[in-house]
Amino acid sequence: DGDPESFRELLAGDGRVEPRDEMPEAYRKTLIRQIAQHAHSEIIGMQPEGNWISRAPSLRRKAILMAKVQDEAGHGLYLYAAAETLGVDRADLLDQLHSGRQKYSSIFNYPTLTWADVGAIGWLVDGAAIVNQVPLCRCSYGPYARAMIRVCKEESFHQRQGFEILHTLSHGTSAQKAMAQDAVDRYWWPSLMMFGPPDDDSPNSAQSMAWGIKRFSNDDLRQRFVDMTVPQAEALGLSLPDPEIRWNDERGHYDFGTVDFTELFEVIKGNGPCNEQRMSHRVRAHEDGAWVRDAANAYADKQAARAARTEVVA
Amino acid sequence: DGDPESFRELLAGDGRVEPRDEMPEAYRKTLIRQIAQHAHSEIIGMQPEGNWISRAPSLRRKAILMAKVQDEAGHGLYLYAAAETLGVDRADLLDQLHSGRQKYSSIFNYPTLTWADVGAIGWLVDGAAIVNQVPLCRCSYGPYARAMIRVCKEESFHQRQGFEILHTLSHGTSAQKAMAQDAVDRYWWPSLMMFGPPDDDSPNSAQSMAWGIKRFSNDDLRQRFVDMTVPQAEALGLSLPDPEIRWNDERGHYDFGTVDFTELFEVIKGNGPCNEQRMSHRVRAHEDGAWVRDAANAYADKQAARAARTEVVA
Amino acid sequence: MTALFDYVLGLADDALVSAQRMGWWISRAPQLEEDVALANIGLDQLGQARTLLAYAGSIEGQGRGEDDLAYFRDEREFRNVWLVERAQTDFGVAMARLLLFATWQSELYAALVHSTDPTLSGVAGKAVKEVAYHVDHAAHWVVRLGDGTEESHQRMQAALDAEWPFLEELFGPVDDQLVADGVAVDPARLRSAVLTRIEAVLAEATLTVPQGRTAVGGGRDGRHTEEMGFLLAELQHLARSHPEATW
Amino acid sequence: MTALFDYVLGLADDALVSAQRMGWWISRAPQLEEDVALANIGLDQLGQARTLLAYAGSIEGQGRGEDDLAYFRDEREFRNVWLVERAQTDFGVAMARLLLFATWQSELYAALVHSTDPTLSGVAGKAVKEVAYHVDHAAHWVVRLGDGTEESHQRMQAALDAEWPFLEELFGPVDDQLVADGVAVDPARLRSAVLTRIEAVLAEATLTVPQGRTAVGGGRDGRHTEEMGFLLAELQHLARSHPEATW
């Protein structure tokens, strides 16, 4: 194809593409879309867990949860910064989120109904995110890869915290154990959907793999997540809501049931339980903050003008 | 004085002044101010108790409380209607409330901090209101007197319900009993202030008594309230926060301590715990409802126009 | 038995949660008459809830009364639809919601009058009269706001559009056997009558019948919106703070 | 002993309740950096609260820990000031409130570093650094909003006017003996330093120092605003729903 020679050499040698390197426009656009969607997911992802900050059942858990949701805001910042190295700016990306032209991960369109959901999100959703993201630490685009390294470190911390919440619940009162099981029952299948559609229904994967943005197929990553999670569920003393899960000695993997992707497509289309709520919460926060951002800009302009005046006088 | 002869005869014969009867302008103005203040008190008075509707500790209590606050709205309606017979309208009176030109009873500027406060308001505040209002059932102005008869009937029902709440609490757990005592401690003195300043500091009372609007002096009513309430407190097993209360055989009344009216005057000036909150709640409700009232008027106009058109055609 | 418990609880929780939200309006209504009216409606609903909860408790047979069920169940055990549980915001929204809910309740209770379950039939006989007033009241306002000013027309249409997605959940299935036994009413059977009545009101109100998305729902299975937990925190906090107390 | 318990509880509850309100902003801030910053501030306050509550529990000596005190006290037992307990509404209000609170905390903890009570002195030593950042952050925004646009200037002034009445309660008296013993700091002694610092920020922000009414207060005696009960319902509902549980 017509990709720049330098770009092809970098990819061939498993090197990193940096912002000033030449790169194909399609590569740049794909990255912007993917990084933006990832960033948007972090900030929309603040909502379902943020929903429990005021109600966390102990002060220690409240502190851990506040810190976790704060980390998600931080991840959003790293990722928007990585996207900005590709020549877009955060305000435009946010506009695209708010107008629905760019997406965020559908998993955040499910509600957190109980405290155990905070645990399930940490364990399953962050767990799935890590499986998705660890390969991105070796992504061909340098700023994205470096952002992912920081993100993954914190995510694995969050995943352990989620596991710990569920462990405490499943070893607590019977009501607590039931709460934990219920959360896992509700979050299991949506977590499997986080890896995207099956490989034979994933049109853009091949190009992303050729570009070194994607390293493994959706189904491979999904299998890796299942293999990692099934023993953890046993350690928790909780069941997974799939009677077909069993170890397959021949494959060296766990078999599992068929994911019903029609639900995922409904949620992506906007028909999940919380799509409207998540977007309107986000847009309201943005609109309510407009006067503050305007003021900060106006103040910066005034300060710059004052500094210029001082220089002229001096 | 220059009062109309018919008016003087009515008063002398303990008759009722009706809307079409001649009456002195000062009499009319005094009544408007008093009835409006009374009506305003009913609607502002919905707030402190309304504060507990969503949190009432049993469904039965929730129903009783909703019905009670509803009654207060109803009392407001009777009283605004009574005021309207004097040639003002409700919208103007509400404007005067909202702009601070007319007052409401200062007792509603105290917060309801616990469920027991709902009981204390019923028992003490409604109790004091009844003592104030029973004589008004014989007020010289007919529409006001008739409104008060309806109000007093319901108030005495409310007073019993408040007593019953406190009785249940004071015979409940130790935390419940403490809650009841605390509420009575906080509401006792403000309730005594509901009868207004001492007689020698109550400039308008003489004229109101001459006009048959007021039948007893502030201090007489206050004494009546104390005499009624002290035995009820004993029946509740709760103490009143005044060490000077004791039966005076000679007077045939209970003695009680000196009311510190500086607090009342502060609250009247706007410096009570909730003045700002009560007014802003009320004004917000009114402003939020403006489009609804406008729509109702516009619809009524359209309907009238349609009816007129039909008549012309017919 | 469990099916009947669940069915009764669904009806009870709809009424309880709606009453809880209705109570918010008292002292916040656009005019004093409306404080009175909305309190009335809330009281009717609360009364329905109390009778139905007491009945659910007796079906269960474990000694739980209306307050045990209202104050000591967790969110996932509540069976009400999403329509009634979201916070009150705007009077137009409140009237749109009440129109949908009360019209459905009206058709439901009219049919439940003939339930083979004598308690349900009795509850329905009383409720059907109350709910008729609720429908009238909501319709009164929907017409005035729809055919009032330019602003009120727009706000009423927006309110209706916002509430409409929550209507469908009311027609969700209930236990087949209960329907076969004539105890319960199949909600799907009510759809056309409910829609006909609502659409007649909307036509008079010069409003457009909304099209489009349906909310996911799930309240009958205890899957609620994220607003439900905050509603329960407020409803239950005092009672749960004094678990030994009577009130 | 009881006086020390009350004193420590007052400081703890200020921090706890402020943290609880600060948490509301996370996912609602005007920009992402601010979600991070306000979470940080809330976390610092929550950390202060936890240490102080644990210390209060040990003073009391009845085995109550931080969670017993946070989740199982009733409203009348909370000792925080009114400034921190009212709901969050607007970013300008949040920054006005934080400026007042953090400046006061800053002077308080700077003085408490010299407390004869080693635990308080230790808490103060850590808190004084955290709080310096809170003051800077609030001042940063108060200046930008005050000296930003016409709209932001008006909103910031209105926010400041709304919060100012709650400042005075922070200077209310504490137990004389504790002050005499060098355990506690007399808050009245902090007034002029606090006002001087705040007024310097307001001058830079082109804002006017408000005059006028003082809120009644009473938080130190457990007399709160009517918003406090709703805050506690949310804070405590889950813990109170499972009194036997550990988390």
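Hi everyone. Let's begin with a term: two residues are in contact when heavy atoms lie within 4.5 Å. Keep in mind that what we are looking at is a predicted model.

With that in hand, let's look at where chain D meets chain A. Here 48 residues of chain D and 45 residues of chain A take part in the contact. Together the two chains bury about 4000 Å², and carbon and sulfur atoms give 67% of that area. What holds charged partners here? There are three salt bridges across the interface of chain D and chain A. One of them joins D:Asp147 to A:Lys302, with the closest N and O atoms 2.9 Å apart. On the side of chain D that touches chain A, helix 2 of chain D gives the most, with 11 residues. That side has 22 nonpolar, 12 polar and 14 charged residues.

Now please turn to chain B and chain D. This contact takes 17 residues from chain B and 11 residues from chain D. The buried area is about 1200 Å², with 50% from carbon and sulfur atoms. In chain B, the residues losing the most area to chain D are B:Arg55, B:Leu113 and B:Pro273, which together make up 39% of what that side buries.

How many salt bridges are there between chain B and chain D? The count is three. In one salt bridge, D:Glu226 pairs with B:Arg278, the closest N and O atoms being 2.7 Å apart. Helix 12 of chain B gives the most to the side that touches chain D, with three residues.

Notes:
Residues are numbered from 1 along each chain as its sequence is written. Chains are lettered from A and ligands numbered from 1 in the order in which they are written. This is a predicted model: local features need pLDDT of at least 70, side-chain atom pairs count only at pLDDT 80 or more; totals for chains, interfaces and linings use all residues. Side-chain values use heavy atoms; hydrogens and water are left out. Buried area is the accessible area (1.4 Å probe) that two parts lose on being put together, summed over both. A salt bridge is a side-chain nitrogen of Lys or Arg within 4 Å of a carboxyl oxygen of Asp or Glu. Helices (H or I, at least four residues) and strands (E, at least two) are DSSP runs, numbered from the N terminus. Ala, Val, Leu, Ile, Met, Phe, Trp, Tyr, Cys and Pro count as nonpolar, Asp, Glu, Lys and Arg as charged, and the others, Gly among them, as polar.
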